[in-house]
Amino acid sequence: PAVLNTQGVLMQALSGTLVVSIEQAVAAPLCTARLLEAGARVIKIERSEGDFARGYDSAAKGESSYFTWLNQGKESVCLDFKQAEGAELLWSILREADVFVQNLSPGALGRSGFSTEQLHAVNPKLIVCNVSGYGDTGDVAKKRAYDLLVQAESGLVSVSGAPDAMGRIGVSVCDIGAGMTAYGGVLEALMRRKQTGKGEEISISLFDVAAEWMMVPYIHAQYGDGAPKPAGLRHPSIAPYGAFACSDDRLVLISIQNEREWQRLCESVLNSPALLANPNYANNNLRVTHREALETDITAITSTLTSQAFQDLLQAASIGYGAINTPDDLSKHPALRTKTYRSSDGEMMELPAHPVQRKNTQKTGNDAPIKNPTVGQHTDAVIAEFSGKPST
């Protein structure tokens, strides 16, 4: 059942949850950003120079696009936990915390006196979430692990890009995957804590996430006829599933998932009984085998249609399709929902919204856009709040 406050307004799922993070870049900040979106309070511990993602670019009204995306509404506290004063404050905060997320080098916190055993001795209900590149054991744990490096090491790059040129996936997919996996892990741990009354430690590595996402190419490599090669705008095992040129020089992707759709494509979209009757195209396996000829035959027809006319025919025939859009096109897409973000000095930006839509919920009355914290903006307030509380 929904939880309502005394005014009858639906409360957020993690209202009253305190999250502490020592985080940089994308993966851990995405996890805590999602926790904040669910109602948690997030205290972000930064060095005096701040999270290095603050300096990635200046595209967001003079501030970093990455930092703006992942840190709206967090409280920034500058402290050095390797020094006595900073360590005492951190202990005071962690004593009260529900969740602690960190993506420092493996073992760094333990060497500074904040091992999970020490943390649980002080706060047995604390959920500790470690985010790393390659886990925390063996020599591989010492490797620097940035998104593109993990894309390469996990094999993602080898199955991405064009046939004659492997390529990076165009967003930080390993970071994003690890951040969302960490978020799910923290939520599971919070649910488990309701049953056991105890906290726990969970660990997520970028490599583990990427390797699990490589399951299908891995199975093909280990037990099939070999992993698929980079296919560009083609699907490696389904045809036709790719991009076709139209008379206005625009590409339209189509996806045929079964023989009923293949029949409708030939009859209702391409108006080509010959394609449907061709024995080389009688099923998906044959179409993949004869992909080059198939795509040549289809392109001979699509090249006589404008991209809009082609899409209209596909829509009428209930065939899956997609325009090859740019980020500028995305800004005009009818499905795009946006949310107002603000830079630290209040500059407004309309950016893609949180992907979860909640229906039939009452507004909290506090929908004003939050903004980026400046480095150490909340240090004094947090010191005042926690400094009088006992530490270890």
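**Figure 1. Overview of the predicted protein chain.** The chain has 392 residues, of which 41% count as buried. Its secondary structure comprises 16 helices and 13 strands. Taken along the principal axes, the C-alpha atoms fill a box of roughly 80 × 50 × 45 Å. The accessible surface comes to about 21,000 Å², and 52% of that area belongs to carbon and sulfur atoms. Among contacts between residues at least 6 apart in sequence, 67% join residues at least 24 apart.

**Figure 2. The salt bridge between Lys44 and Glu23.** The search of the whole structure finds 14 salt bridges. In the one shown here, the side chains of Lys44 and Glu23 meet at 2.7 Å, N to O. Lys44 belongs to strand E2 (residues 41-46) and Glu23 to the loop between strand E1 (18-22) and helix H1 (27-37), so the pair ties together parts that are 21 residues apart in sequence. Lys44 is buried, at a relative accessible area of 0%, and Glu23 is buried as well, at 2%.

**Figure 3. The salt bridge between Glu46 and Arg54.** The closest N and O atoms of Glu46 and Arg54 are 2.8 Å apart.

**Figure 4. The salt bridge between Arg234 and Glu292.** The N-to-O distance between the two side chains is 3.0 Å. Arg234 is in the loop between H9 and E9 and Glu292 in helix H13 (residues 291-302); the pair links distant parts of the chain, 58 residues apart. Arg234 is partly exposed, at 27% relative accessibility, while Glu292 counts as exposed at 53%.

**Figure 5. Aromatic pairs, with Phe52 and Tyr56 as one example.** Six aromatic pairs are found in a search of the whole structure. The ring centres of Phe52 and Tyr56 are 6.1 Å apart and the planes lie at 45 degrees, so the pair is tilted. Both residues are partly exposed: Phe52 has a relative accessible area of 40%, and Tyr56 has 38%. Ring pairs link Phe52, Tyr56 and Tyr66 into a cluster.

**Figure 6. The aromatic pair of Tyr134 and Phe207.** Here the ring centres are 5.6 Å apart with the planes at 40 degrees, so this pair is also tilted. Tyr134 lies in the loop between strand E5 (127-132) and helix H6 (147-154), and Phe207 in helix H8 (residues 206-213), so the pair ties together parts that are 73 residues apart in sequence. Tyr134 counts as buried at 11% relative accessibility; Phe207, at 27%, counts as partly exposed.

**Figure 7. Charged groups over aromatic rings.** The charged end of Arg287 sits over the ring of Trp262, at 4.7 Å from the ring centre. For Lys339 over the ring of Tyr341, the corresponding distance is 5.3 Å.

**Figure 8. A nonpolar surface patch that includes Ile219.** The patch is formed by Met215, Val216, Tyr218, Ile219 and Tyr223, which together have about 570 Å² of accessible area. Ile219 is part of helix H9 (residues 215-223) and is partly exposed, with a relative accessible area of 41%.

**Figure 9. Backbone geometry at Pro240, Asp249 and Ser318.** Most residues other than glycine have a negative phi, and most peptide bonds are trans. The peptide bond from Ala239 to Pro240 is cis, with omega near -5 degrees; Pro240 lies in the loop between H9 and strand E9 (241-245). Asp249, in the loop between E9 and strand E10 (251-255), has a positive phi near 65 degrees and is exposed at 73% relative accessible area. Ser318 has a positive phi of about 55 degrees. Ser318 is located in the loop between H14 and strand E11 (320-323) and counts as exposed at 52% relative accessibility.

**Figure 10. The surroundings of Ser307.** Ser307 is found in helix H14 (residues 307-316) and counts as buried at 7% relative accessibility. Leaving aside residues up to four places away in sequence, Ser307 touches Cys246, Asp248, Arg250 and Val252.

Conventions. Residues are numbered from 1 along each chain as its sequence is written. This is a predicted model: local features need pLDDT of at least 70, side-chain atom pairs count only at pLDDT 80 or more; totals for chains, interfaces and linings use all residues. Side-chain values use heavy atoms; hydrogens and water are left out. Rings of Phe, Tyr and Trp (its six-membered ring) pair if their centres lie within 6.5 Å; planes under 30 degrees apart count as stacked, over 60 as edge-to-face and the rest as tilted. Buried means under 20% relative accessible area, exposed over 50%, partly exposed in between (1.4 Å probe, protein chains only). Helices (H or I, at least four residues) and strands (E, at least two) are DSSP runs, numbered from the N terminus. A charge sits over a ring if NZ of Lys or CZ of Arg is within 6 Å of the ring centre and within 35 degrees of the ring normal. Patches are made of residues with over 30% relative accessible area and no salt bridge: like charges are joined within 9 Å, nonpolar side chains (Val, Leu, Ile, Met, Phe, Trp, Tyr) within 5 Å. Accessible areas come from the Shrake-Rupley method with a 1.4 Å probe; for residues, only the protein chains shown count as cover. A salt bridge is a side-chain nitrogen of Lys or Arg within 4 Å of a carboxyl oxygen of Asp or Glu. Contact means heavy atoms within 4.5 Å.
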